[in-house]
Amino acid sequence: MAGDLRSYWDLVEPMFQHVDATDVAQYSKSIEVVPRPDLLLFAAHFCLSEIHNGGLLQFFWNSTGIMAPEAIEGFQAIGMLELASVIRAAAAPLGAPYPRDRDDRWDAMLAASGKGEDELASIFKQQEASDDRAGLYLGFAAATAELGFDELTEQAWELAEREHGGFQESASRYAQRFRESTGLP
């Protein structure tokens with residue numbers, strides 16, 4: 001029932017079983033049957049979860065970064081225009097069209113860093129003492145520091161708390177409106 005929706009989470013939680021962000025082909029196929037409003041809310045939630053966990057670099061670095069365009073649109077849809085703008089600004093250096101493939105996104109981040117091959121090699125060599133995946137991530141963090149992900153992450157955290165009543169309130173209002181207007185369960 002439309003009136004039974006208590007929070008946006010009631011709409012988002014079941015989507016974890018349907019949306020597969022492991023690669024472009026799986027993602028494209030998995031979202032074919034997902035109503036667009038649901039997808040936008042899911043992407044905004046997932047983006048914000050990644051930002052709260054490890055920042056914008058983590059969001060773009062992980063496979064979930066595939067959802068950045070939908071996350072931006074999702075933040076706009078729920079009335080968080082400033083937060084959408086911050087995510088858009090963070091994604092802008094990665095180019096247009098936005099690189100949904102993770103390897104392409106990694107390449108775009110390194111290209112946007114403005115560092116040459118030798119400098120990048122030196123940065124990543126310094127991280128070799130860490131385990132392979134952690135070292136790779138730390139290399140990306142060092143290589144992309146000038147892209148401003150840390151500052152934009154802090155802005156995103158602050159906006160998620162205050163803009164338009166905060167993310168949970170905005171997302172729940174959006175989910176309620178969507179369910180009431182469509183009559184979907």
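# Notebook: helix packing and selected residues

I began with Leu159, which, leaving out residues up to four places away in sequence, touches Met80, Glu82, Leu83 and Val86. I take contact, here and below, as heavy atoms within 4.5 Å. The model is predicted, so I noted that local features need pLDDT of at least 70, that side-chain atom pairs count only at pLDDT 80 or more, and that totals for chains, interfaces and linings use all residues. Residues are numbered from 1 along each chain as its sequence is written, and side-chain values use heavy atoms, with hydrogens and water left out.

**Entry 1: Leu159 and its helix**

I located Leu159 in helix 10. For helices I used DSSP runs (H or I, at least four residues), numbered from the N terminus. Is Leu159 buried or exposed? Leu159 has a relative accessible area of 5% and is therefore buried. The terms are buried for under 20% relative accessible area, exposed for over 50%, and partly exposed in between, with a 1.4 Å probe and protein chains only.

**Entry 2: Helix 6 with helix 10**

I then examined helix 6 (residues 81–91) and helix 10 (residues 149–162), whose axes come within 9 Å and cross at roughly 165°. Axes are lines fitted to C-alpha atoms, for helices over the stretch in contact, and angles run from 0 to 180 degrees between N-to-C directions. Helix 6 and helix 10 are therefore roughly antiparallel. The classes are roughly parallel for angles under 35 degrees, roughly antiparallel for over 145, roughly perpendicular for 65 to 115, and oblique for the rest.

I recorded the crossing of helix 6 and helix 10 as left-handed. A crossing is left-handed if the near helix is turned anticlockwise from the far one by less than a right angle, and right-handed if clockwise. On the side of helix 6, the contact involves Glu82, Leu83, Val86, Ala89 and Ala90. They meet Phe149, Leu152, Gln155, Ala156, Leu159, Ala160 and Arg162 of helix 10. By class, I noted nine nonpolar, one polar and two charged residues in the contact of helix 6 with helix 10. Nonpolar covers Ala, Val, Leu, Ile, Met, Phe, Trp, Tyr, Cys and Pro; charged covers Asp, Glu, Lys and Arg; the others, Gly among them, are polar.

**Entry 3: Helix 7 with helix 9**

At what angle do helix 7 (residues 102–112) and helix 9 (residues 132–143) pack? I found about 40°, with the axes 9 Å apart. Helix 7 and helix 9 are therefore oblique to each other, and their crossing is left-handed. From helix 7, Arg102, Trp106, Met109 and Leu110 meet Arg133, Leu136, Phe140 and Ala143 of helix 9. The residues of this contact are six nonpolar, no polar and two charged.

I next turned to Asn62, in the loop between helix 4 (56–61) and helix 5 (68–77). Asn62 is buried because its relative accessible area is 17%. Apart from neighbours within four places in sequence, Asn62 is in contact with Glu50, Arg102, Arg105 and Arg133.

I found helix 3 and helix 5 packed at about 105°, their axes 7 Å apart. That makes helix 3 roughly perpendicular to helix 5. Among the residues in this contact are Leu40, Ala44 and Leu48 of helix 3 and Ala71, Gly74 and Phe75 of helix 5.

Which members of the largest nonpolar core touch the most other members? Of its 59 residues, I listed Leu41, Phe60, Phe75, Leu83, Met109 and Phe167. The largest share, nine residues, comes from helix 3 (residues 36–54). Such a core is a set of buried Ala, Val, Leu, Ile, Met, Phe, Trp, Tyr and Cys residues joined through side-chain atoms within 4.5 Å. Not counting residues up to four places away in sequence, Phe167 touches several residues, including Phe75, Met80 and Ala160.

**Entry 4: Backbone notes**

Most residues other than glycine have a negative phi, and most peptide bonds are trans. I recorded the peptide bond from Ala96 to Pro97 as cis, with omega near -5°; Pro97 lies in the loop between helix 6 and helix 7. His164, a residue other than glycine, has a positive phi near 55°. I placed His164 in the loop between helix 10 and helix 11 (167–182), and at 39% relative accessibility His164 counts as partly exposed.

Notes: Helix = DSSP H or I, 4+ residues; strand = E, 2+ residues; numbered from the N terminus.
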